[in-house]
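Subject: Structure handover and notes

Dear colleague,

I am passing on the structure we spoke of, with my notes below it. Please look through the structure before you read the notes.

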Amino acid sequence: MDKFFKISERGSTVRTEILAGLTTFFAMAYIVVVNPSQIAAGGAGGWLVGLGADAAAMGQIYNAVFIASVVAAAIGTLLYAFYAKLPYAQACGMGLNAFFCTCFVSGAYFAGADVIAGYQSGLVIILVSGLIFLVLSITGARQYIAKAMPECLKKAIPAGIGLFIAMIGLANAGLIQTNQYTFVQFVDIAGGEWAADIAPAIVAFIGFIIIAVLDKINVKGKVIIGILSSAVLYYLFTWTLPVFDLGQIGQSFKDFASIGVVGVFKGESWKNAFTADYIGGIFNAIMLIVSFCLVDMFDTIGTLYGTATEANMLDENGDPTDIDKAMACDSIATCAGAVLGTSTCTTFVESAAGVAAGGKTGLTSVVTGLCFIVCLFLSPVASIIPSAATAPALIYVGVLMLKNFANVDMSDPRSAVPAFIALLMMPLTYSISNGIGLGAITYVLITVFTGKFTKKDIVVTIIAALFITRFALITM
């Protein structure tokens, strides 16, 4: 095992890799229940049913997506483990799942079409985009695009991801909340409810301090200790116990078999994908495919640069090691997810939590993938660790990754301004790819208007043009 995963060669241990795998899983376990809820608009009791959609159909979609998203996450993560041998995990991308619902599920309902037919036609769009990912990966085009990014963006991407991850953690714990007047606000301690608002925020802050202190005194496994400590504190503070409900597992598998895994194999699904009113015809279908391609590509590129930098797994040119294999894993997982019945799978930004815990090899991904398989049969396992307990890990990852921004040349506006835009817009638009796209556009405009444009800037210019087209036609 040590020889296969190169554990000693990369300066790690089996114990560290196991702890890192558990850390990654706990940091991203929320996707197991959040993804089906996002795609199925909350399922049988969700908001779309409240507007009049058929509850039984929405419940079927929820169940099918639950099984599909867990299996796809396990496949994608184990691909990283055994093919790329890298400590990253995959799952259905946040943002992309909500966009999938808007375009295909709720879109079908509002157009007066069958929501299951809409769901299945969306799977066709995801499969086609996944096949394009795969072709680009096999030909080397995706890694070429990644390596052609300007140095300022390569250095800013990890820091931007760090802020993005930290914001996710802060929001998950309720430490920051929405405010109609000031955009965001600190948790309302004076007027909030103890169990719902105040306790989770306090637990997350204490957990964050625990991880920081343990890191300062060089304690191994600091992140997983912080997560488990926070989980215990959460149940003590709220005086509750984890709830197990195993009753829906059998029905989930039935719905997965009847509408999920068969979706892309139906001729009607392919016809609807390119002709249905709720999709808007063949031109809109093509633009949706391009949009899913762009978002997945640059989410993955951004995540790889961020986590590889944190793990000190960059080559002599500052690019992630084995980036070609990583891209292939991502492409295959997206295709597998579409065939199984879920939206685009991508390398998960929460992988950085496991890397911060010391993960450096594919053994980290083995542990994470096995945890997903367990969730397939014991779904409540994923909910044992509350989001308030995983939030400290995500916030602390932000601290660790922000240091990369110090390498940006802030004395040169051609470098500083695009880097700043990428750093800022990732968290504020809730999208890694949006941050990269806006950074690329900014870089090209400054380069052109200052007369610094050279042949090596052609690739980033094409990227910028694609993002301009996407922003103009589709908001995601």
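This is a predicted model: local features need pLDDT of at least 70, side-chain atom pairs count only at pLDDT 80 or more; totals for chains, interfaces and linings use all residues.

Residues are numbered from 1 along each chain as its sequence is written, and side-chain values use heavy atoms, with hydrogens and water left out.

Salt bridges

Side chains of opposite charge can pair when their charged atoms come close. A search of the whole structure finds four salt bridges, a salt bridge being a side-chain nitrogen of Lys or Arg within 4 Å of a carboxyl oxygen of Asp or Glu. One of them joins K154 to E151, with 3.5 Å between the closest N and O atoms. Because K154 and E151 are three residues apart in helix α9 (residues 151–173), about one helical turn separates them; helices here are DSSP runs of H or I with at least four residues, and strands are runs of E with at least two, numbered from the N terminus. K154 is buried at 7% relative accessibility, whereas E151, at 42%, is partly exposed (buried means under 20% relative accessible area, exposed over 50%, and partly exposed in between, with a 1.4 Å probe and protein chains only).

D215 forms a salt bridge with K222, the closest N and O atoms being 3.9 Å apart; here D215 is partly exposed at 23% and K222 is buried at 14%. D457 in turn forms a salt bridge with K456 at 3.8 Å between the closest N and O atoms, and although D457 is buried at 3% relative accessibility, K456 is exposed at 60%. R414, K456 and D457 are linked in a network of salt bridges.

Aromatic pairs

The count comes to 14 aromatic pairs, where rings of Phe, Tyr and Trp (its six-membered ring) pair if their centres lie within 6.5 Å, planes under 30 degrees apart counting as stacked, over 60 as edge-to-face and the rest as tilted. Among them, F4 and F82 have ring centres 6.4 Å apart and planes at 50 degrees, so the pair is tilted. F4 lies in helix α1 (residues 2–5) and F82 in helix α5 (residues 55–84), so this pair ties together parts that are 78 residues apart in sequence. F4 is partly exposed at 37%, and F82 is partly exposed at 45%. Elsewhere, ring pairs link F100, F104, Y119 and F292 into a cluster.

Two single residues

T238 is in helix α11 (residues 222–238) and is buried at 12% relative accessibility. Leaving aside neighbours within four places in sequence, T238 is in contact with A195 and A199, contact meaning heavy atoms within 4.5 Å. T238 and A199 are 39 residues apart in sequence, and their C-alpha atoms are 6.8 Å apart in space.

S415 belongs to helix α19 (residues 413–428) and is also buried, with a relative accessible area of 12%. Not counting residues up to four places away in sequence, S415 touches C152, V408 and D409.

Surface patch

L445, V448, F449, F453, I458, I462 and L466 make a nonpolar surface patch of about 680 Å². Patches are made of residues with over 30% relative accessible area and no salt bridge, like charges being joined within 9 Å and nonpolar side chains (Val, Leu, Ile, Met, Phe, Trp, Tyr) within 5 Å, and accessible areas come from the Shrake-Rupley method with a 1.4 Å probe, only the protein chains shown counting as cover for residues. The elements that give two or more residues to the nonpolar patch are α20 (432–449) and α21 (458–473).
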